[in-house]
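User: I'd like to go through this one label by label. For each term, tell me the cut-off and then how the value meets it.

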Amino acid sequence: MKTELEHIQPKKGSSISLMVNPDLSDFFFWHFHPEIELVYVNKGQGKRHIGNHLSYFNNSQLILLGSNLPHHGFTD
């Protein structure tokens with residue numbers, strides 16, 4: 001699977017970009033970006049693929065993804 005660069009554009013004058021309840025279908029592709037990413041999943045279950053690690057989760061999770069780390073989805 002080819003890794004794609006995701007372009008993240010924070011609002012002018014801001015150093016962060018916040019998405020609450022995003023449409024996850026927009027993010028179901030193997031991607032990376034130079035920004036770090038903090039992901040919080042309040043509830044649910046699914047699969048997470050980060051770098052060369054694939055695992056499953058249930059209930060809440062909080063994950064900090066490093067710069068340029070390929071990742072894909074956090075749910076089924």
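Analyst: Let's start with contact, which means heavy atoms within 4.5 Å. Residues 24 or more positions apart make up 56% of the chain's contacts with a separation of 6 or more. One caveat: this is a predicted model, where local features need pLDDT of at least 70, side-chain atom pairs count only at pLDDT 80 or more, and totals for chains, interfaces and linings use all residues. Residues are numbered from 1 along each chain as its sequence is written, and side-chain values use heavy atoms, with hydrogens and water left out.

User: What makes a stretch a strand here, and how many strands are there?

Analyst: Strands are DSSP runs of E with at least two residues, and helices are runs of H or I with at least four, both numbered from the N terminus. On that basis the chain has zero helices and seven strands.

User: Why is His-33 called buried?

Analyst: Buried means under 20% relative accessible area, exposed over 50%, and partly exposed in between, with a 1.4 Å probe and protein chains only. His-33 has 1% relative accessibility, so it counts as buried. It sits in the loop between β2 (31-32) and β3, and is in contact with residues including Leu-5, Ile-8 and His-71.

User: Which residues form the largest nonpolar core?

Analyst: Such a core is a set of buried Ala, Val, Leu, Ile, Met, Phe, Trp, Tyr and Cys residues joined through side-chain atoms within 4.5 Å. The largest has seven: Val-39, Val-41, Ile-50, Phe-57, Ile-63, Leu-65 and Phe-74. β3 (37-41) and β6 (61-65) each give two or more residues to this core.

User: How do you know that β4 pairs with β5, and in which sense?

Analyst: Two strands pair if DSSP finds at least two bridges between them. β4 and β5 (residues 53-58) have six, in the antiparallel sense, and Lys-47 has Tyr-56 as its bridge partner.

Key. Lists of a residue's contacts leave out its neighbours within four places in sequence.
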